[in-house]
Amino acid sequence: MTGVAEYVHRESPIHALHPITKLIWSLSVVTMSFMFTDLMGQALLFLSVLLVAGLGRVLRETLPAFKALFLMAGLFTVFRVFFIQEGQTLLTLLPGTGLGRITDVGLRSSIELSCRMVVMAASFPVLLATTAVKDLVVTLVEKLRVPYIYAFMFVTSLRFIPTFLREMDQIAMAQRSRGYTGEGRNPFRKVVALAPLAVPLLISSVRKAQRMAISMETRGFASGTRSQLHRTRFAGRDSSFLLIVGVMFVAVIFIKTKGI
Amino acid sequence: MIEMQNLWYAYPSGQTVLAGLNISIKRGEFVALIGQNGAGKTTFLKQLNGLLKPTSGVVKIAGMDTSRVKTAKLAQKVGFLFQNPDHQIFLPSVRQEIAFGPKNLGLPDEEVEARILQAAEAVGLTAVLDENPVFLSKGQRQRVAFASLLSMRPEILVLDEPTTGQDYRESIEIMEMVRELNEAGHTIIFVTHDMELVARYARRIILLRQGRVVVDGPVREVFYRPELLTATGLLPPQIVRLALMFGENSPLGRVLSVEEAYEAIVGWGGVAHDRCG
Ligand SMILES: Nc1ncnc2c1ncn2[C@@H]1O[C@H](COP(=O)(O)OP(=O)(O)O)[C@@H](O)[C@H]1O
Ligand SMILES: [Mg+2]
C-alpha cells in the first residue's frame with residue numbers, strides 16, 4: 001500500500017541528489033511561483049516540476065497528489081470566482097437577478113491564484129517521493145544542526161499517524177459492535193458521544209508510548225553522543241542541479257525586472 | 001442463523017481477502033475458525049455483524065441482510081469479542097462498562113442492573129464491579145470486554161482469539177464459560193490457534209486459507225485428515241497425531257482427547273483380556 005507522498009525506493013538521478021539540494025529546489029519553486037503572475041510562467045514552472053518527477057521516475061506515484069491538487073484548485077476557483085465582481089460580465093448563472101455573476105477579471109485572477117497554489121505545492125510530493133524521511137532527518141541534524149531528539153520526535157510522530165488511524169478504526173468497530181451509533185443531537189451530546197472513541201485511543205496511545213519508551217531505553221537511546229552510519233555528501237551532480245535552479249531563478253528575476 | 005452466499009470481500013486497498021465463501025451455520029452450533037495468520041479469519045468475523053460489508057455476495061444474520069442493516073442493530077443478535085479489550089474499555093468502572101451495551105439497546109434501568117450482575121457473575125468479576133478497568137490485569141480486562149457483550153444477550157457470539165495472552169487455566173475458564181453459553185443455546189464462532197482447545201470444545205471446523213475454505217466439517221473428520229492441516233502449517237492435537245501413527249484400525253481409532261484414548265485403551269484391554277481368558 002502506498003499512500004500519497006510516500007517515499008518510493010528507486011534508483012534515479014533525483015534520488016541520488018543530496019536532500020538539501022532537493023529542499024533548496026523545492027523552496028526555489030515556491031519562491032518563483034510567487035514571482036510569476038502570468039499563467040504562462042506558472043505553466044512552465046509546473047512543467048519543470050513534472051520534468052524533475054520524470055527524471056526521478058516517480059511520475060506515476062506522484063500523479064494522485066497532482067490530481068488532488070488540481071481538484072482542490074478547481075474547487076477554489078469555483079468558489080472564488082463569484083466574489084470578484086469588477087470587470088465585464090461574462091456569464092450570469094441566474095439571469096436577470098445579477099446573482100452568480102462571473103466577470104473577466106474575476107475569472108482571470110481566480111484561475112491565476114489557483115494555478116499558483118498548485119505550483120507552490122507541486123514540488124513537495126516530488127521531494128517526499130524521492131527522499132527518504134530518515135535521510136531528511138539526518139540532514140537536518142548534520143547540516144542544519146537541529147538537535148537529534150527533535151528530529152527523532154518529528155519522524156516518530158509521522159510514523160505513528162497510520163498506526164493511530166488503524167487503531168481508531170478498530171476502536172470504532174469495537175464500539176459499534178456494542179450498539180454505539182455516535183449519535184447525539186445537541187453539541188454537548190455530540191462531545192459526550194465521542195468519549196467511547198477518544199478514551200480508548202488515549203489510553204492505548206499512552207500504553208504504546210510507555211512501551212516504546214522502555215524499548216528505546218533498553219536499547220540505549222540518548223545514552224551518549226551519536227554518530228551517523230551513513231553520512232550524506234554533496235557531489236558534482238548537486239552542484240550541477242543547483243546551478244540549473246540558480247540559472248532559472250536569475251532568469252525569472254531578469255524577466256520580471258525587465259518586464260518582458 | 002448465518003447464511004453466506006458467494007461472499008467476496010476486498011479491502012479498499014484492493015487486496016481480496018475473502019474469495020467466494022458459501023457457509024451456513026445453524027442455531028446452537030459451536031464452530032472453530034482456523035487458519036494461518038493473514039488467512040482472513042478476522043475479516044470473516046467482521047462480516048458477521050456488518051462491520052465490513054460484502055464486496056459482492058450476501059451475508060444474512062437471522063434473516064437480516066448485513067449490507068442493509070446497521071451494525072448497532074445487528075449487535076442485538078451478534079456479540080463480537082475483539083482481540084484487544086483495550087479498544088473498547090472507556091468507562092471508569094467495570095459496572096458502567098458492562099452497562100454500556102444494554103443502555104445502547106435502550107433497556108430500562110432495572111433490566112440493565114440485572115444484566116450487569118448476571119454478566120459479571122458469569123465471568124467472575126462480581127468482586128471488582130466498582131473498580132476502574134484500566135487498572136485490572138489484561139486477563140481481567142478481557143473478561144470485562146466479554147461481560148460487556150454478554151450483558152447484551154446476543155444469540156450469536158463471535159470471539160476473535162479469546163484465549164490469546166491468557167495462561168492455560170484462564171483459557172480453560174473462558175472456554176468453559178463459552179461452553180455453558182453454547183449449552184444454553186447460543187451459537188458460537190471462535191478463532192483460535194490452539195488445536196487442543198478446538199478438539200476439546202468445538203464441534204465443527206472451518207479451515208481458511210487465503211480467503212478460501214479448505215475444509216468445513218465435524219472436528220473429528222477434519223483432524224483425521226492431517227494432510228489438509230499440514231498444507232496450511234497447522235498440526236492436529238497431540239493425541240490425534242499419536243492415534244494417526246497407529247493407523248486407522250488401531251484400537252485408538254479416531255480419538256479426540258486423552259480421556260477418549262483412555263476409554264479406548266481400557267475397553268480394548270478388556271476385550272484382549274477376555275480373549276486371553
Ligand atoms: N484494514 C485493512 N486494510 C487492508 N488490508 C487489511 C486490513 N486488515 C487486514 N488486512 C489484510 O487482510 C488479510 C487478512 O487479514 P485478517 O483477516 O486480519 O487475517 P487473520 O485474522 O486470519 O490473521 C491480511 O493479508 C491483511 O494484511
Ligand atoms: Mg486476526
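Is the crossing of H3(A) and H4(A) right-handed or left-handed? In this predicted model, the crossing of these two helices of chain A is right-handed. Helix H3 of chain A spans residues 39-55 and helix H4 of chain A spans residues 59-80; their axes come within 10 Å and cross at roughly 150 degrees. Because angles over 145 degrees count as roughly antiparallel, H3(A) is roughly antiparallel to H4(A). On the H3(A) side, the contact is made by Phe46(A), Val49(A), Leu50(A), Ala53(A) and Gly54(A). The H4(A) side supplies Leu59(A), Thr62(A), Phe66(A) and Phe70(A). By class, seven nonpolar and two polar residues take part in the contact of H3(A) with H4(A), and no charged residues do.

In chain B, helix H3 (residues 94-104) packs with helix H5 (residues 138-150) at an angle of about 40 degrees, their axes lying 7 Å apart. H3(B) passes H5(B) in a right-handed crossing. Val94(B), Glu97(B) and Ile98(B) of H3(B) meet Val144(B), Ala147(B) and Ser148(B) of H5(B) in this contact. Its composition by class is four nonpolar, one polar and one charged residues.

Helix H5(B) also packs with helix H6 of chain B (residues 168-183), here at an angle of about 10 degrees and with the axes 11 Å apart. Since angles under 35 degrees count as roughly parallel, H5(B) is roughly parallel to H6(B). Gly139(B), Arg143(B), Phe146(B) and Leu150(B) form the H5(B) side of the contact, while Glu170(B), Glu173(B), Met177(B), Val178(B) and Leu181(B) form the H6(B) side. The class counts for the contact of H5(B) with H6(B) are five nonpolar, one polar and three charged residues.

Side chains of opposite charge can pair when their charged atoms come close. Over all chains, the count comes to 20 salt bridges. One of these pairs is formed by Glu111(B) and Arg153(B), whose closest N and O atoms are 3.9 Å apart.

The contact between the two chains takes 27 residues from chain B and 20 residues from chain A. The area buried between chain B and chain A is about 2000 Å², and carbon and sulfur atoms give 61% of that area. Two salt bridges are counted between chain B and chain A. A salt bridge joins the side chains of Glu97(B) and Arg178(A), at 2.7 Å from N to O.

Note on methods: Residues numbered from 1 in each chain as written. Chains lettered and ligands numbered in written order. Predicted model: local features only at pLDDT ≥ 70, side-chain atom pairs only at ≥ 80, totals over all residues. Heavy atoms only, no water. Axes fitted to C-alpha atoms, helices over the stretch in contact; angles between N-to-C directions. Helix = DSSP H or I, 4+ residues; strand = E, 2+ residues; numbered from the N terminus. Parallel < 35°, antiparallel > 145°, perpendicular 65-115°, else oblique. Left-handed = near helix turned anticlockwise from the far one by under 90°. Contact = heavy atoms within 4.5 Å. Nonpolar A, V, L, I, M, F, W, Y, C, P; charged D, E, K, R; others polar. Buried area = accessible area lost by both parts, 1.4 Å probe. Salt bridge = Lys/Arg side-chain N within 4 Å of Asp/Glu carboxyl O.
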